[in-house]
Amino acid sequence: MAVSLTELVARFGGELVGDGARLIRQVAPLERAASDEIGFVAQGKYLTQLASTGAGAVILPADARDASELPRILASNPYLYFARVSALLNPPPRPPAGIHPAATVAPDAEIAVDASIAAGAVVGCGARIGARTVVGANCVVGDQARIGADCLLHANVTVYHRCEVGDRAILHAGCVIGSDGFGFAPSEGGWEKIPQIGRVLIGNDVEVGACTTIDRGALEDTVIEEGVKLDNLIQVAHNVHIGAHTAIAACTGIAGSTKIGRHCMIGGAAMIFGH
């Protein structure tokens, strides 16, 4: 795929300075970019790299208009602009629609005609898979689970029974949605398991990293609101509520019944106590 700078500005905005016909085929860091690639500078301390870059074009802050003679796009947020260009030039691969013969789908499951169910996947009774959603190899979607439209479940994702995932979610390999919360009542000489009868409810535009686990609620639901971004290897315990557009880095542990607000940022390996 190749796109001109003029087309990029028409799509994403910004101010074009220089040759708008310059074609861009890929994004790259400034130090190794080629003539058909575009780089970016988000911070002034990196402007010195412009002198030696081989990039065909660059994305710069508006106050760096004269920092280079290269064709350039001036943007208020160069990093975000670069991300959007990268997404345009690198769309995720999409398998053909349909149910692979090696998948196992319950007779009463509802699968959108343009969804894709890969080999080895299991879709349980009464489950629902939305339009254009991709369910990767060896995924399990449990009984009465709901997956929205335009979702991507990478290989080996497990969504337990009755859990719900909104639209445009990305669930990375090995993540588990709806496993039992860690609930046990002490009894004489041991422990008795407390049934975990809640669900996990995941909103729209959520991304869950590889091998992250989100436990179902004990009585009420565990809730992940829209736009939340979870890195790899995060533990979200039962009845946790994470507010919209919060981002949490890898190896964080969140104990039961924790409430996290909207637009929070939590660094890697953070530990949050229950309640």
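Helices (H or I, at least four residues) and strands (E, at least two) are DSSP runs, numbered from the N terminus. The model is predicted: local features need pLDDT of at least 70 and side-chain atom pairs pLDDT 80 or more, while totals for chains, interfaces and linings use all residues. Residue numbers start from 1 along each chain as its sequence is written, and side-chain values use heavy atoms, without hydrogens or water.

**View 1. Helix 1 and its buried side.** Within helix 1 (residues 5-12), Leu5, Leu8 and Val9 are buried, that is, under 20% relative accessible area, where exposed is over 50% and partly exposed lies in between (1.4 Å probe, protein chains only). Down the helix axis, these buried residues fall within an arc of 95°, so they line one face of helix 1; the arc is taken from the directions from the axis to the C-beta atoms. An α-helix has 3.6 residues a turn, so residues three or four places apart point the same way. Ala10 and Arg11 are exposed on the face turned away from the buried side.

View 2. Strand 29 (residues 235-236) and strand 32 (residues 253-254) are joined by two bridges, and Gln235 has Gly253 as its bridge partner.

**View 3. The loop residue Phe182.** Phe182 lies in the loop between strand 21 (176-179) and strand 22 (184-187). Phe182 counts as exposed because its relative accessibility is 70%.

Terms used. Two strands pair if DSSP finds at least two bridges between them.
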